[in-house]
Amino acid sequence: MAADTAAIAIPSSVVDAKRRNARDARADGLFRWIVAAAGMFVLLTLTGAALSMLWGGREAFSTFGFSFLWSTEWDAVNHKFGALVPIYGTLVTALISMLIAVPVSFGIALFLTEVAPNWMRQPVGAAIELLAGIPSIIYGMWGLFVFVPIMGEYINPWLNDHVGTWPVIGALFRGPPLGIGMLTAGIVLAIMVIPFISSVMREVFLTVPTRLKESAYALGSTTWEVVWDIVLPYTRSAVIGGVFLGLGRSLGETMAVTFVLGNAHRLSASLLEPGNSIAATIANEFTEADSDIYRSSLIALGFLLFIVTFIVLTFAKLMLNRLSKQEGAK
Amino acid sequence: MFTSIKTRLIGVGLAALIGTAGMAQAADITGAGATFIYPILSKWSDTYNNKTGNKINYQSIGSGGGIAQIKAGTVDFGSSDKPLDPKELDEAHLAQFPSVIGGVVPVANIEGLTPGKLRFTGPLLADIYLGKITKWNDKAIAQINPDVKLPDANITVVHRSDGSGTTFNWVNYLSKVSPEWKEKVGEGTSVQWPVGVGGKGNEGVAAYVNQIKGSIGYVELAYALQNKMAFASVQNSAGKFVQPSMESFQAAAASADWKNSKDFFLVITNAPGENSWPIAATNFILIYKQPKDAARTKAALDFFKWAYAEGGKQAEELDYVPLPKELTSQIEAYWKSEIKM
């Protein structure tokens, strides 16, 4: 009797297992498809957006050819357009913002994870995340009504008198004390991206195993040595991801920049002079773009923003790869 | 009551014909275009809705957008601060008529300057905006402003960064009074500015002028008044210095040569007349001559007819100038002869 049931039970369990295997394989396949679709969705939207912008800008590209890239002309009356001024403004403001935001965010994240007393870490961390949620137009209005007068009244004249007299670099800091301009835009951008970069940095610094840090401390390291030799190498790729997030936001920011950049289509060496950025130009002029070539040029600008962002991020990635290779060879 | 049933029946019939749904209320008039008239249109449509039950749904997407939308036939009327020439109107089968008048005024930020004190001539404004006059105590400015204490400071030019009808009227005026401006810069809703910084919208220009010492800008009168800015008087084509005001805007609208302008294709800057403000601006409505849905176009025209007759007071409250009587009767005659309803 017992042998009998066993004889029946074994094949039935084999059948069950087979059925289960088949079902698992099906579920696995389905799962793979769903996840792949989610991944493809990103690629599809990206190429779709880029291609539709290329298509919308085809008239501008075919009319102006490559000179669209380096012409400083932006004349809606005579239908002559060139993208150099907005491209330059976009790159310069993003560079200024990164020069300020990366070290400051690094400092904030370090302070919160290594130095600050425990009771302080949670509230300050929450405050930073709150800052990241403020809409950009608020930064723009704050920039225009609060920060611009300070720049115009105190900082620009001081820069003119003290830094403006230096050779070479001085040319960057000579100009009318308007308060608006590329430097102001860069600083406002820096304030906007600091919460992004620092909250990512803080998050990943917390993932460093305490064992590692404590070992280093036990060997007599200073806090700085622990951070530089243990925390940073351990979290490098995530930190870079955070910096890229901020850089991407800097390159594409629209409203805040429009408020404080001055929106003038002129190329000038001085950071105190007004300039223009790609996103600001599109936001300003799209509604009243009354000729086809005008609208097409603006869409072409949008496509160039894609390209510029892509090149900047690739370049940064390559540079960092090289750095880490050198590190490995050491 | 009868007409509303009729329009509804037509609406249903059309919906069945072209196979679209959702035309539940035929008297829901849609429009799109210039931001300039948005405040007064929403006020008018609110009052009109209370009176007649007809709704005006206006999207202030800018003149360029308004022209594109009416040409695409997605709205019942479009609105533009820049008139289309008769040829373009003809090609698109559109009619055009003015809706309301406003004015652009130069404003300056000079310490101790009170509104209305400073004086400009047209060529002087053009030279400042060309970057030829760069100091406030320049002889050309000092000569016509003996009563104003002009500082030895640089002039910072402020202009609009976005395309705008305000800019169009401003540069149209500069083109009329300065051959050099016409040749070097020209006119349009946005131009290549030789000098200066750009503020977004009237409020952006007002904010920049208020903050940058020694700056000059141009805004619609309402913004100059609301922000208590030091606006200036400008010499008109009759050689008189006039202050920007309802009266001088109205004088410009009345003295402009509407009678001989086909499809009201006329920009009333530099208008003749002793009391005319030289930079008055008109907003225009665009509408189909042979509309697909005559009832909706008729409803739109009824609305404007009502606005001309009864909306004047509300317009003035918002610092707009209602159209003069002769002009509105000319417009109504134009509707009868040009638009098939």
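## Helix α3 of chain B

Let's start with helix α3 of chain B, which spans residues 63–72 in this predicted model. Its buried residues are Ser63(B), Gly64(B), Gly65(B), Gly66(B), Ile67(B) and Ile70(B). What do they pack against? Four strands of chain B: β1 (28–33), β3 (77–80), β4 (94–108) and β12 (280–288).

## Where α6(A) meets α9(B)

Now for a spot that involves both chains. The crossing is right-handed.

On the α6(A) side, the contact is made by Leu144(A), Phe145(A), Val148(A) and Pro149(A), while α9(B) brings Ala207(B), Tyr208(B) and Gln211(B). Sorted by type, that gives six nonpolar residues, one polar and no charged.

## The nonpolar cores

In soluble globular proteins, nonpolar side chains tend to be buried together. Here, the largest nonpolar core has 122 residues. Those with the most contacts inside this core are Phe77(B), Phe97(B), Leu118(B), Phe120(B), Tyr129(B), Trp136(B) and Trp170(B).

Take Phe120(B) as an example. Setting aside neighbours within four places in sequence, Phe120(B) touches a list of residues including Pro106(B), Leu125(B), Trp136(B), Ile216(B), Val234(B) and Phe241(B). There's also a second, separate core of 23 residues, with Leu110(A), Ile197(A), Val243(A) and Leu247(A) among them.

Methods
Residues are numbered from 1 along each chain as its sequence is written. Chains are lettered from A and ligands numbered from 1 in the order in which they are written. This is a predicted model: local features need pLDDT of at least 70, side-chain atom pairs count only at pLDDT 80 or more; totals for chains, interfaces and linings use all residues. Side-chain values use heavy atoms; hydrogens and water are left out. Buried means under 20% relative accessible area, exposed over 50%, partly exposed in between (1.4 Å probe, protein chains only). Helices (H or I, at least four residues) and strands (E, at least two) are DSSP runs, numbered from the N terminus. Contact means heavy atoms within 4.5 Å. A crossing is left-handed if the near helix is turned anticlockwise from the far one by less than a right angle, and right-handed if clockwise. Ala, Val, Leu, Ile, Met, Phe, Trp, Tyr, Cys and Pro count as nonpolar, Asp, Glu, Lys and Arg as charged, and the others, Gly among them, as polar. A nonpolar core is a set of buried Ala, Val, Leu, Ile, Met, Phe, Trp, Tyr and Cys residues joined through side-chain atoms within 4.5 Å.
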